[in-house]
Amino acid sequence: MLTLRNGYLHRRNKRIEFPDIYLPRGEVLGISGPSGVGKSSLASVLAGMITADVELLELPMRQVNQANPVQWLIQQSEFAFNPRLTLKASLNESWKGEAYLPLLSEYGLEASWLARRPNQLSGGQLQRFNLIRALVPTTEYLICDEVTAHLDMVTQAEFWQQLLVCAKRRNIGLLVISHDEYLLNAICQQVIKWPR
């Protein structure tokens, strides 16, 4: 269970009060809210990157020398990769090997593209590589922070269809942060409107 109760954070003389989060593995929870409300700060707290004042914060235990079981996908996938590394080097680093190779065809990616650098792919292709990088074997929860906002409608639909199948198969909990209420209502079991 990914749980946050009565949490808040102070940023630039502003108090950000987070909504309560209860996300079991295998479920899809959506969060919508206006820009600047603190959605990315919330993602940072749940990914264990920053601390906040909380009554309760339950995150899966992170094992030594293992990837964080809470992975965070950001909107601008170009910032998620080292521009000097090939995609193969980036994925090998996350996966500690090439066990991700069978996922490439599942997500419509060519193995030959692994030799490319991030700036040699389209936004949709790079976001799918970013997703595969986040789906390391230890991933239990995936925070999707406006991950398809810059993609065309067809690519968005393919991305979510593939991810939902994978999440169900691997019992991964998804926290989907988006301004797109149509998307949230289509794929989430519950949607939190923030602020209420």
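Mentor: Start with the rule: a salt bridge is a side-chain nitrogen of Lys or Arg within 4 Å of a carboxyl oxygen of Asp or Glu. The model is predicted, so local features need pLDDT of at least 70, and side-chain atom pairs count only at pLDDT 80 or more, while totals for chains, interfaces and linings use all residues. Side-chain values use heavy atoms, without hydrogens or water, and residue numbers run from 1 along each chain as its sequence is written.

By the rule above, there are 6 salt bridges. Among them is the pair Arg15 and Glu17, whose side chains meet at 3.0 Å, N to O. Arg15 has a relative accessible area of 43%, which makes it partly exposed. That class lies between buried, under 20% relative accessible area, and exposed, over 50% (1.4 Å probe, protein chains only).

Another pair is Glu140 with Arg25; their closest N and O atoms are 3.9 Å apart. This bridge links distant parts of the chain, 115 residues apart. Glu140 sits in the loop between helix H4 (123–134) and strand S8 (141–145). Arg25 sits in the loop between strand S4 (21–23) and strand S5 (28–32). Helices (H or I, at least four residues) and strands (E, at least two) are DSSP runs, numbered from the N terminus. Both partners are partly exposed: Glu140 at 22% relative accessibility, Arg25 at 34%.

Glu55 bridges to Arg5, with 3.2 Å between the closest N and O atoms. Here too the pair joins distant parts of the chain, 50 residues apart. Glu55 belongs to the loop between helix H1 (39–46) and strand S6 (56–58), and Arg5 to strand S1 (residues 2–5). Glu55 is partly exposed at 48%. Arg5 is also partly exposed, at 28%.

Now the whole chain. It holds 6 helices and 10 strands. Its radius of gyration is 17 Å, close to the 16 Å of the globule rule for 196 residues, so the chain is as compact as a globular protein of that length. That radius is taken over C-alpha atoms, and the rule is 2.2 Å times the number of residues to the power 0.38. The C-alpha trace spans about 45 × 40 × 35 Å along its principal axes. Of the 196 residues, 46% are buried. Among contacts (heavy atoms within 4.5 Å) between residues at least 6 apart in sequence, 70% join residues at least 24 apart.
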